[in-house]
Amino acid sequence: MTGPADAAPTGEPIRLAELMAALSLATDLGLGQQLEHALGVCLSALELAGRVGCSRDECSDVYYVALLEHIGCTGAASDLARWVGGDEIHFQSGAQVLGPLSEPTEDLRYLVRRLADDRPVPERARLVARMLAGGTKRVHRMAADICEAGTVLARRLHMPESVALALGQLMERWDGKGVPGNAAGEEISRALRTVRVAHDFVAVAGVRGGEAAIAALERRRGRGYDPGIVDAALAEPETVLRAADVPDRWERVIDAEPAPVATISRAGLPSVARAFAEFTDVKVDFLHGHCIRVAELSATAAETLGGSAADVTEVRTAALLHDIGRVAVPNGVWEKPRPLSAGDWERVRLHPYYTERILARCGALAPLAEMAGSHHERLDGSGYHRGAMAAHLGVGARLLAAA
């Protein structure tokens with residue numbers, strides 16, 4: 001059952017930065033962003049943190065808040081999909097240029113525009129009307145779900161309490177008009193205030209260009225954003241944007257982790273993998289607890305077959321991680337009440353591929369990538385995403401597929 005996983009010494013610690021960077025790839029996919037978008041935001045946020053005089057501990061918080069900023073979003077995916085008519089990823093991909101700190105007029109224009117590209121006018125009008133009717137209460141509930149999920153997951157990922165609390169304030173605004181409205185001004189984590197400016201600056205610039213991004217920061221200064229952090233960003237805006245626009249983002253982010261470097265023991269990897277599983281499973285209502293149940297079945301089967309303790313741990317960990325690529329497929333597909341179309345099935349067939357690609361980027365998870373990504377393969381070659389035959393499927397992959 002074992003393979004390249006044994007190449008790393010048993011006692012060698014695992015960099016938390018690598019694990020959290022891998023998780024940020026999943027949130028990129030779940031928000032309709034290009035892979036490594038969050039990594040670029042992290043680099044820009046660190047540049048900005050240096051300008052505003054963040055302490056070493058605050059810089060560490062900036063680093064991890066930037067990587068984990070959106071881990072709570074799967075907690076509201078089902079509700080959001082129903083609210084926007086099915087494809088929450090498409091909706092979120094545009095919402096990234098707004099964020100929770102935009103102005104109401106921007107939100108309304110975006111809402112109408114985002115629903116205009118793939119629906120007949122009457123259907124679009126009905127959907128917008130339904131969304132606006134009672135929409136504030138529903139948006140607040142979704143925002144609360146996102147913040148709560150982010151806080152809970154951050155704690156389970158061994159993050160400092162300051163990072164968990166910052167993620168719980170994700171929807172708060174400098175002027176106190178955020179959600180749930182429990183914090184304003186300097187009551188909001190400075191790490192989060194820094195990340196929000198960096199995130200929105202990079203996101204708007206990527207879609208609308210640098211001038212529009214500068215205008216957005218100026219317009220939201222003192223409303224959504226901390227004025228001092230906006231001023232620091234606009235003192236040398238090109239430098240902040242350039243920090244995110246590098247080809248080797250993964251390597252730079254791993255190298256940029258503020259000291260002291262955070263690690264966990266190799267024995268602690270399953271607990272982090274369980275948090276990944278919870279992040280995945282809350283996306284679809286009827287799949288809550290799915291990855292965890294699959295992991296227990298897989299591990300029990302491995303024990304029954306006489307696998308070593310290392311084999312059992314390997315299978316259990318791969319099973320906890322196996323569905324992380326699911327976040328790349330809209331809930332409107334997973335929860336569709338009718339048979340899936342050919343196009344829907346093509347999207348479904350890609351989710352094990354995304355799982356494999358996410359895990360392959362991280363040194364500690366790469367040895368599990370092929371097993372985790374094979375969970376829909378079948379011995380006769382009828383599975384996906386590779387259509388692998390029995391000869392190419394190890395015992396661990398077979399157990400995981402059956403479980």
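Predicted model: local features only at pLDDT ≥ 70, side-chain atom pairs only at ≥ 80, totals over all residues.
Helices α2 and α13 cross in a right-handed way. Numbering runs from 1 along each chain as its sequence is written, and side-chain values use heavy atoms, with hydrogens and water left out.

Back to the two helices. α2 covers residues 37-51 and α13 covers residues 237-244; they pack at about 145°, and their axes are 6 Å apart. Here an axis is a line fitted to C-alpha atoms, for helices over the stretch in contact, and the angle between N-to-C directions can run from 0 to 180 degrees. The helices themselves are DSSP runs of H or I with at least four residues, strands are E runs of at least two, and both are numbered from the N terminus.

Which residues of α2 meet α13? On the α2 side you'll find G40, V41, L43, S44, E47 and R51, and on the α13 side T239, V240, A243 and A244. Sorted by class, that makes five nonpolar, three polar and two charged residues. For the record, Ala, Val, Leu, Ile, Met, Phe, Trp, Tyr, Cys and Pro go down as nonpolar, Asp, Glu, Lys and Arg as charged, and the others, Gly among them, as polar.

**The chain as a whole**

Zooming out, the chain has 21 helices and two strands. It has 403 residues, and 53% of them count as buried; buried means under 20% relative accessible area, exposed over 50%, and partly exposed in between (1.4 Å probe, protein chains only). Among contacts (heavy atoms within 4.5 Å) with a separation of 6 or more, 71% are between residues 24 or more positions apart.

A21 belongs to helix α1 and is buried, with 0% relative accessibility. Skipping residues up to four places away in sequence, A21 touches L39, L67, W250 and I254.

E356 sits in helix α19, residues 342-360. Is E356 buried or exposed? Buried, with a relative accessible area of 10%. Beyond four places in sequence, the neighbours of E356 are A369, E370, G373, H385 and R386.

G383 is in the loop between α20 (366-372) and α21 (395-402), and is buried at 6%. Apart from residues within four places in sequence, G383 is in contact with R349, H376, E377 and R378.

Here's how far each of these residues is from one partner:

| Pair | Residues apart in sequence | C-alpha to C-alpha |
|---|---|---|
| A21 and W250 | 229 residues | 7.7 Å |
| E356 and L321 | 35 residues | 9.5 Å |
| G383 and A401 | 18 residues | 9.8 Å |

Most residues other than glycine have a negative phi, and most peptide bonds are trans. So a few places are worth a look in the viewer.

A259 and P260 are joined by a cis peptide bond with omega near -5°; P260 lies in the loop between α14 (249-256) and β2 (263-264). Y384 and H385 are also joined by a cis bond, with omega about 20°, and H385 is in the loop between α20 and α21.

Then there's phi. E36, not a glycine, has a positive phi of about 80°; E36 is in the loop between α1 (16-30) and α2, and buried at 12%. H158 has a positive phi near 65°. H158 is in the loop between α8 (135-156) and α9 (161-168), and counts as partly exposed at 40%.

Definitions and conventions. Left-handed = near helix turned anticlockwise from the far one by under 90°.
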